[in-house]
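Please keep the sequence and the 3D view open while going through them.

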Amino acid sequence: MNDRDGTDGLSGKLDDRDDKSKDGKEPLRVGVAVRKRRRALHLTLAAVSARSGLSVPFLSQIENERARPSMRSLERVADALETTAVELLAASDTARTVDLVRAGDESGLTPVPGVRPLVRGHHQLHALEFSGDQDAGREYQHRNDELMYVVEGACQVEAEGRAYRLESGDALFLSGGVRHRWRAVTEDTRILVVAVGDHIHATSEPPSPGQ
């Protein structure tokens, strides 16, 4: 049980989990950014606890998104991690795990004519929507797996020396390393391409027993 001053009765560390800020706004989700920053500094939770005055259990819950710090606590954590609350908030925005991109939404995206990114930021998963008469005129070879799905229209794909015609509702899976090129064959074509980012080292090895 916590004391009236908000400290942990056993450790004397502050623990204001799910605290509300004075303006009544919801507490902040910054767990991924906090953990990434702590590991970059090679600090343990105990070290951050000693620097910030916050309990180890509370810090662990913040990192695992089971508790949200108030702005006061976030500033303590930021000081302990040699950064600022503003920087942690900015980092947490790019590390979001749930993000809705509505039709016509270009906020945070870098669209080019006929190509609409469906995932913001730098993540393990990439997704693009291609519209219209697209023809890259080049061959691709990606490190990881890729899936092409034709929403409307049709496209011609060449992969490993074979030609495939995909029409509305068809999907083509390409494993990592497969050389391929494609082009839309109708002006109303819309294609969804989903792929694992090239910066990810994906493996097909089965997990060892017990994992």
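1. The model is predicted, so local features need pLDDT of at least 70 and side-chain atom pairs count only at pLDDT 80 or more, while totals for chains, interfaces and linings use all residues. Residues are numbered from 1 along each chain as its sequence is written, and side-chain values use heavy atoms, with hydrogens and water left out.

2. On the overall layout, the chain holds five helices and nine strands, and their order along the sequence is α-α-α-α-α-β-β-β-β-β-β-β-β-β. Of the 211 residues in the chain, 32% are buried, where buried means under 20% relative accessible area, exposed over 50% and partly exposed in between, with a 1.4 Å probe and protein chains only. If contact is taken as heavy atoms within 4.5 Å, then among contacts between residues at least 6 apart in sequence, 61% join residues at least 24 apart.

3. In the strand part, β5 (residues 154-159) pairs with β6 (residues 162-167) in the antiparallel sense over six bridges, and β5 also pairs with β8 (residues 179-184), again in the antiparallel sense, over five bridges. The strands β5 and β6 form a hairpin with two residues between them, and in the turn E160 has a positive phi of about 50°.

4. Is L59 buried or exposed? With a relative accessibility of 3%, L59 counts as buried. Leaving out residues up to four places away in sequence, L59 touches L45, V48, S49, S52, L54 and V77. The C-alpha atoms of L59 and V77 are 8.5 Å apart, although 18 residues separate the two along the chain.

5. A nonpolar core is a set of buried Ala, Val, Leu, Ile, Met, Phe, Trp, Tyr and Cys residues joined through side-chain atoms within 4.5 Å. The largest one has 17 residues, and those with the most contacts inside it are V34, V48, L59, V77, L81 and L88. At least two residues of this core come from each of α1 (31-40), α3, α4 (71-80) and α5 (85-94), and the largest share, four residues, is supplied by α4. Apart from it lies another core, of 14 residues, among them F130, L174, I191 and V193.

6. Finally, a search of the whole structure finds one aromatic pair; rings of Phe, Tyr and Trp (its six-membered ring) pair if their centres lie within 6.5 Å, and planes under 30 degrees apart count as stacked, over 60 as edge-to-face and the rest as tilted. F130 and W182 form this edge-to-face pair, with 5.1 Å centre to centre and 80° between the planes. Because F130 lies in strand β2 (residues 125-131) and W182 in strand β8, the pair ties together parts that are 52 residues apart in sequence. F130 is buried, with a relative accessible area of 15%, and W182 counts as buried at 10% relative accessibility.

Terms used: Two strands pair if DSSP finds at least two bridges between them.
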